[in-house]
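Keep the viewer open beside the text as you read.

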Amino acid sequence: MEQCAVTTAVPLAPRVRVILANPRGFCAGVRMAIDVVDQVLDVIDERPIYVFHEIVHNKHVVARLAGRGAVFVDDLDRVPEGKIVVFSAHGVSPQVREHARLRNLTAIDATCPLVTKVHSEAVRYARQGYQILLVGHRNHQEIVGTSGEAPEATQVVESPGDIAKLKIIDDSKLVYLTQTTLSTDDAGVIIDALKRAFPKIKSPPSEDICYATTNRQHAVRMIAPRCDAVVVVGSKNSSNSVRLTEIALNVGTPAILVDEVGELPDPLPWKGKEGAISVMLTAGASAPEDLVAAICRRFVERFGATLEQWDIVDEDVEFNLPATLKRMMTRKGIDPESRRIRVVKAPISSDTYGATALTVSAGKARA
Ligand code: SF4
């Protein structure tokens, strides 16, 4: 009988192992806000349409929509009277809504419903005579918008150091609210300090830091300690992307925030064990998946990387289109239900990512 020579291929240790975090990237609010601008551009013939502030904090998203005919303005006086203006995912104050009304603008509100929830809490507590301590970044558009709901009743707290400067009338009528995209660790430190200073302070009825922020941060805390480096995809003005980078650094793993594949360092500056480097790859809630895919391709093509995806939390949150846009569609004979945003998870294929990913479940939980 003829003997077969069997050769066992001994794979070389991968030089780079990329671990994609799931969840990463677009959240339901960002998906909805971008979709609103795309759908207005699809449904309305007039150009340009105006968007108040960046629709989400990502320069690639803004550039793509600008290419389609959206003009981003930071001042409503730049929008000609009677035109369409979309309010961004971060929300606006009642003063901005009134300004739009006085200029006879058609406002389409793409504010994330989870930001609107914090606005409603601010209105309700102010009506009940509470002073509101709003934990967040003073100049962030979301905090500017939420403060505007009850400006006389609201004081912003950026750090425990601000507590001594607060002007409190009655410490039994105090409530704290928070920005939706804070680091849960940082917010916890400030909230603990507020509770120590004002033991009777009321908490919001439900958590203000949103599910997407919490889940992306949780994935970093789970995966980053097991990696040699973390790459976060996102723009520098994206609060939740910056927080992901800080959390990775806080658990002791080197981390960088990159807006696109061209910002990936080459050669890679990180040290691994036995000639292999494990890199966690994640993305802020406003970063498109095609930027993540481009970085995967670079890792595969340039560094011979293998890809894995670790599922930490399953998300299936979807938000509806705003009522103003639905009415606009109906007037044009378009059924808004036929244009509903559906969350479709694209498979990781070798065409788009450079290699197919092996999914590893690590502490899976439902959002
Ligand atoms: S990060 Fe959270 S609050 Fe912000 S748009 Fe996304 S879901 Fe909404």
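Let us begin with residue classes: Ala, Val, Leu, Ile, Met, Phe, Trp, Tyr, Cys and Pro count as nonpolar, Asp, Glu, Lys and Arg as charged, and the others, Gly among them, as polar. By that scheme, the shell around the ligand holds 10 nonpolar, five polar and no charged residues.

The model is predicted, so local features need pLDDT of at least 70 and side-chain atom pairs count only at pLDDT 80 or more, while totals for chains, interfaces and linings use all residues. Residues are numbered from 1 along each chain as its sequence is written.

**Around the ligand**

A residue is near a molecule if its C-beta atom, placed from the backbone, lies within 6 Å of it. Of the 15 residues around the ligand, Cys27, Gly29, Cys112, Thr180 and Cys210 come nearest. Helices (H or I, at least four residues) and strands (E, at least two) are DSSP runs, numbered from the N terminus. H1, H4 and helix H7 (211-223) each supply at least two residues of the shell, and H1 gives the most, with three residues.

**Domains**

The domain bounds come from an automatic or database domain assignment. The protein is divided into domain 1 (16-27 + 210-319 + 342-366), domain 2 (30-111) and domain 3 (114-197). Domain 1 and domain 3 each give at least three residues to the shell around the ligand.

How far apart do the C-alpha centres of domain 1 and domain 2 lie? They lie 30 Å apart. Two residues are in contact if their C-beta atoms, placed from the backbone, lie within 7 Å. On that basis, 12 residues of domain 1 are in contact with nine residues of domain 2. The side of domain 1 that touches domain 2 divides into seven nonpolar residues, four polar and one charged.

**Two open sheets**

Two strands pair if DSSP finds at least two bridges between them. Four strands form an open sheet in the order E3-E2-E4-E5, with parallel pairing. Strand E3 (70-73) and E5 are the edge strands, and each pairs on one side only. Neighbouring strands of this sheet are turned by 30° against each other on average, direction ignored. (Axes are lines fitted to C-alpha atoms, for helices over the stretch in contact, and angles run from 0 to 180 degrees between N-to-C directions.) E2 and E3 pair in the parallel sense over four bridges, and Phe52 stands opposite Val73 in E3.

The other open sheet has three strands in the order E7-E6-E8, and its pairing is parallel. Strand E7 (154-157) and strand E8 (174-178) each have a single partner strand, so one side of each is left without a neighbour in the sheet. Here neighbouring strands are turned by 25° against each other on average, direction ignored. Strand E6 (residues 131-135) and E8 pair in the parallel sense over five bridges, with Gln131 opposite Leu174 in E8.

Helices pack on this sheet. H4 lies across E6, E7 and E8, running at about 170° to E8. Helix H6 (residues 184-197) touches E6, E7 and E8, and its direction makes about 150° with that of E6.

**A look at Tyr125**

Tyr125 has its place in helix H4 (residues 113-127). Is Tyr125 buried or exposed? A residue is buried if 20 or more other C-beta atoms lie within 10 Å of its own, exposed if 12 or fewer, and partly exposed in between, with C-beta atoms placed from the backbone. Tyr125 counts as buried because it has 24 C-beta neighbours inside 10 Å. Leaving aside residues up to four places away in sequence, Tyr125 touches Tyr130, Ile132 and Val175. Tyr125 and Gln155 are 30 residues apart in sequence and 13 Å apart in space, C-alpha to C-alpha.

**Backbone details to check**

Most residues other than glycine have a negative phi, and most peptide bonds are trans. The table gathers some exceptions.

| Site | Backbone value |
|---|---|
| Asn22 to Pro23, cis peptide bond | omega about 10° |
| Arg47 to Pro48, cis peptide bond | omega near -5° |
| Asn104, positive phi | phi near 60° |
| Glu274, positive phi | phi about 50° |

Pro23 is found in the loop between strand E1 (16-22) and helix H1 (28-43), and Pro48 lies in the loop between H1 and strand E2 (49-52). Asn104 sits in the loop between helix H3 (94-102) and strand E5 (106-109). Asn104 counts as exposed because it has 10 C-beta neighbours inside 10 Å. Glu274 is in the loop between strand E10 (255-258) and strand E11 (277-283), and Glu274 is exposed, with 5 other C-beta atoms within 10 Å.
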